[in-house]
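Subject: Structure handover

Hello,

Here is the structure for your files. My notes on what was found in it follow below.

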Amino acid sequence: QMQLVESGGGLAQAGDSLRLSCTASGRIFSSYVMGWFRQAPGKEREFVATVSRVGDSTITADTVKGRCTISRDNAKNTVYLQMNALKPEDTAVYYCAAGHAFGYSTVRVNGREYAYWGQGTQVTVSS
């Protein structure tokens, strides 16, 4: 079992920046592709970004492209989501997730392909 704990969420104003962190334990972190997803009230969960096991490949959703960057530090068992130029529509609970992957450069955008999920961290952006 892998445990994932997100942090870094909070209240922000439009245009601000936040960096979300997700620290893993219980499994070999570098064996997993990592992703960030979010869910706004009344909406379905949506993909935000994913990073490969070794960090050489990423995909970012069009809704946040150019404003959000995903990265990971395998030595610290941590994945990050740097969010810039925040908008009110970024308000959501943000979840990190870990998925099995054999390939070092594999990335995954489908939430069903992730085996472990954190509890989420709330991000609220006011206009």
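Predicted model: local features only at pLDDT ≥ 70, side-chain atom pairs only at ≥ 80, totals over all residues.

The chain has 1 disulfide, a disulfide being a pair of cysteine sulfur atoms within 2.5 Å. The bond joins Cys-22 to Cys-96, with the two sulfur atoms 1.9 Å apart. It links distant parts of the chain: Cys-22 lies in strand β3 (residues 18-25) and Cys-96 in strand β9 (residues 92-100), 74 residues apart. Cys-22 is buried at a relative accessible area of 0%, and Cys-96 is likewise buried at 0%. Here buried means under 20% relative accessible area, exposed over 50%, and partly exposed in between, with a 1.4 Å probe and protein chains only.

Residues are numbered from 1 along each chain as its sequence is written, and side-chain values use heavy atoms, with hydrogens and water left out.

As for the fold, the chain has 11 strands and 0 helices. Both are DSSP runs numbered from the N terminus: helices are H or I of at least four residues, strands E of at least two. The radius of gyration is 13 Å, close to the 14 Å of the globule rule for 127 residues, so the chain is as compact as a globular protein of that length. That radius is taken over C-alpha atoms, and the rule is 2.2 Å times the number of residues to the power 0.38. The C-alpha trace spans about 40 × 25 × 25 Å along its principal axes.

Buried residues make up 45% of the 127 in the chain. Of the contacts with a separation of 6 or more, 62% are between residues 24 or more positions apart; contact means heavy atoms within 4.5 Å.

One residue was looked at separately. Thr-58 sits in strand β6 (residues 58-60) and is partly exposed, with a relative accessible area of 41%. Leaving aside neighbours within four places in sequence, Thr-58 is in contact with Thr-50, Val-51, Ile-70 and Val-107. Its C-alpha atom is 9.1 Å from that of Arg-108, a residue 50 positions away along the chain.

Regards
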